[in-house]
Amino acid sequence: MEQPENMMDCPAAETSAQPIIQIENLCTKFGDVVVHENVNLSINQGEIVSLVGGSGSGKTVLLRQMLGLNHPASGTVRIFGEDINRISQQELQKLRNRWGMLFQHGALFSALTVFDNVAQPMRELRVLPKQLIREAAMLKLQMAGIGPEHALKMPSDLSGGMIKRVALARALALEPELLFLDEPTAGLDPNASESFVDLIRTLRDEMRLTVVMVTHDLDTLFSLSSRVAVLADKHIIAYCKPENVVEFKHPFIETFFRGERGLRAIEAMPDTSEESRQEQKQRQHQDSAS
Ligand SMILES: Nc1ncnc2c1ncn2[C@@H]1O[C@H](COP(=O)(O)OP(=O)(O)OP(=O)(O)O)[C@@H](O)[C@H]1O
């Protein structure tokens, strides 16, 4: 099936940027169950792209396709220009060293200290001297906002926000160019969530990272994303700037973005003009009146 004709697609802000991820005509099936049908998605260097969609719409599976953990029934997934389903395991491992992944629940090794959790991906390379690993691990912890006094603690001694930060330091251990985040702020209180969002933005700027994240959190989505890809009906039904997504008529978008929380999050966007805020409000007013 073709993509819906009215799919919204907007170019990335930086037109000179190179695509880091190119997904073309991706179909995913589990037995008879079709999850994705002709999905296309191109993500440029330096973008922060959020994947959203209803429960079971295929966000996690799409992320897993990008990580090479699920395989397409047809279509291609290119990361850094390589078709990840046509390369050897060795080549795939090399690519994996160029990206970092932050899992929803932190996924730290509970038997390892904070320091060892971050040092482990560097030790696995088996080429870096001990002293360099030590310095690099401490630097990554510092970048993630974890002071040296926490380095020898066990994960069980940390708060939820600290676990996320250590997991982020670990995801950054090999200086990735690309970072995948699965529900980065889930389970955090509003303050911890806001400071984690600031951290991701700062790291993106400092490390020139490209970020792909799955999130249900509208505040995170609106404050971080350069573009939002909405998954529904097996397709990407909208791929556009966050402030434009509400222009697309679809039941999921209506419910998710145009409710009270969605409009509040749009209002809180730093770069949303007064004019566009007024338009959004007016539209909501008209919709509730009709
Ligand atoms: N290994 C698998 N075998 C069979 N079906 C699977 C497998 N993995 C995922 N699915 C199915 O694929 C569909 C999409 O799942 P996915 O986990 O990507 O949804 P999601 O959008 O991430 O949902 P949620 O927001 O609830 O986490 C679901 O119907 C799920 O049951």
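The following dialogue explains how to read several features of a predicted model.

Trainee: How many helices and strands does the protein have?

Mentor: Helices (H or I, at least four residues) and strands (E, at least two) are DSSP runs, numbered from the N terminus. The protein has 10 helices and 11 strands.

Trainee: In what order do the four strands of the open sheet lie?

Mentor: Strands of a sheet pair through backbone hydrogen bonds, either parallel or antiparallel. Two strands count as paired if DSSP finds at least two bridges between them. Here the order is S3-S2-S5-S6, with antiparallel pairing. Strand S3 (33–44) and strand S6 (82–83) are the edge strands, each pairing on one side only. Strand S2 (residues 19–30) is joined to strand S5 (residues 74–79) by five bridges in the antiparallel sense, and Ile21 stands opposite Ile79 in S5.

Trainee: Which strands does helix H1 lie across?

Mentor: Axes are lines fitted to C-alpha atoms, for helices over the stretch in contact, and angles run from 0 to 180 degrees between N-to-C directions. Two residues are in contact if their C-beta atoms, placed from the backbone, lie within 7 Å. Helix H1 (residues 59–67) lies across S2, S3 and S5, and runs at about 120° to S2.

Trainee: Which residues are around the ligand?

Mentor: A residue is near a molecule if its C-beta atom, placed from the backbone, lies within 6 Å of it. The residues around the ligand are Phe30, Val35, Gly53, Ser55, Gly56, Ser57, Gly58, Lys59, Thr60 and Val61. H1 supplies the largest share of this shell, three residues.

Trainee: Is strand S4 buried or exposed?

Mentor: A residue is buried if 20 or more other C-beta atoms lie within 10 Å of its own, exposed if 12 or fewer, and partly exposed in between, with C-beta atoms placed from the backbone. Six of the six residues of strand S4 (residues 48–53) are buried, so S4 is largely enclosed by the rest of the structure.

Trainee: Which way do the residues of S4 point?

Mentor: In a regular strand the side chains alternate between the two faces of the sheet. Ile48, Ser50 and Val52 point one way from S4, while Val49, Leu51 and Gly53 point the other way. S4 pairs in the parallel sense with strand S9 (residues 210–214) over four bridges, and Ile48 has Val211 as its bridge partner there. S4 also pairs in the parallel sense with strand S10 (residues 227–232) over five bridges, where Leu51 stands opposite Ala229.

Trainee: Which residues have the most contacts inside the largest nonpolar core?

Mentor: In soluble globular proteins, nonpolar side chains tend to be buried together. A nonpolar core is a set of buried Ala, Val, Leu, Ile, Met, Phe, Trp, Tyr and Cys residues joined through C-beta atoms within 7 Å. The largest core has 67 residues, and those with the most contacts inside it are Val118, Val166, Val212, Ala229 and Val230. Helix H5 (residues 160–171) gives the most to this core, with six residues.

Trainee: Where is Arg126 found?

Mentor: Arg126 lies in the loop between helix H3 (114–124) and helix H4 (130–143). Arg126 has a positive phi of about 60° although it is not a glycine. Arg126 is exposed, with 6 other C-beta atoms within 10 Å.

Technical notes
Residues numbered from 1 in each chain as written. Predicted model: local features only at pLDDT ≥ 70, side-chain atom pairs only at ≥ 80, totals over all residues.
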